[in-house]
Amino acid sequence: MKKVLVTGATGDIGSAIVQEFANNGYYVYIHYGKNEAKAQELLRQIDNQGEILSFDMSDKTAIKEALANVEVDVLVNNAGIIKDNLFFFMSDEEWEDVINVNLNGMFYVTKAIAPKMIAQKSGSIVNVTSVSGVAGNAGQANYSASKGGVIALTKTLCLELAR
């Protein structure tokens with residue numbers, strides 16, 4: 001049975017991704033950060049065709065520990081947060097929280113999973129981003145920067161893996 005890890009699985013987009021993979025016969029690792037009840041309900045909805053993983057997307061040590069023994073055929077980097085504020089009023093914490101979850105978290109999850117894919121010479125990585133990462137959006141300097149970073153990192157990974 002093929003396996004997939006979906007980060008940010010308890011949000012609206014993540015839940016739909018989980019359902020789609022489960023409907024197509026995948027064993028689904030359902031990642032959540034805070035909403036265990038939603039993760040449990042999602043697991044029940046897919047007839048326990050998977051398991052739940054919890055880790056803080058902004059904590060690289062927690063990510064490495066949680067994923068040390070996880071091997072998947074597909075990684076969907078979907079986790080993300082929004083803390084909107086106009087640039088000149090944005091706190092350091094609002095900036096850092098969004099960058100740490102949306103960009104750094106994706107980096108550390110991919111670093112934990114990709115070597116196993118490379119060793120087995122197969123696998124797919126899907127990075128969920130936003131048009132805000134291309135065009136920017138007022139009040140979303142942190143979110144736009146994080147999603148723009150995901151786009152650039154994805155392009156770089158494609159170039160490196162093509163070698």
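**Salt bridges and a helix pair in a predicted model**

D97 is partly exposed, with a relative accessible area of 23% (buried means under 20%, exposed over 50%, and partly exposed in between, for a 1.4 Å probe and protein chains only). The model is predicted, so local features need pLDDT of at least 70 and side-chain atom pairs count only at pLDDT 80 or more, while totals for chains, interfaces and linings use all residues. Residues are numbered from 1 along each chain as its sequence is written, and side-chain values use heavy atoms, with hydrogens and water left out.

**Salt bridges**

- The structure holds 2 salt bridges, a salt bridge being a side-chain nitrogen of Lys or Arg within 4 Å of a carboxyl oxygen of Asp or Glu.
- In one of them K83 pairs with D97, the closest N and O atoms being 2.6 Å apart.
- K83 lies in the loop between strand 4 (74–77) and helix 4, and D97 in helix 4, so the pair ties together parts that are 14 residues apart in sequence.
- K83 is partly exposed, at a relative accessible area of 31%.
- E41 and R44 also meet in a salt bridge (2.5 Å, N to O), and both lie in helix 2 (residues 36–45), 3 residues apart, about one turn of the helix.

**Helix 3 and helix 4**

- Helix 3 (residues 60–67) and helix 4 (residues 92–120) pack at an angle of about 25°, with their axes 9 Å apart, which makes helix 3 roughly parallel to helix 4 (angles under 35 degrees count as roughly parallel).
- K60, I63 and L67 in helix 3 meet residues of helix 4 including Y108, V109 and K116, where contact means heavy atoms within 4.5 Å.

Terms used. Axes fitted to C-alpha atoms, helices over the stretch in contact; angles between N-to-C directions. Helix = DSSP H or I, 4+ residues; strand = E, 2+ residues; numbered from the N terminus. Parallel < 35°, antiparallel > 145°, perpendicular 65-115°, else oblique.
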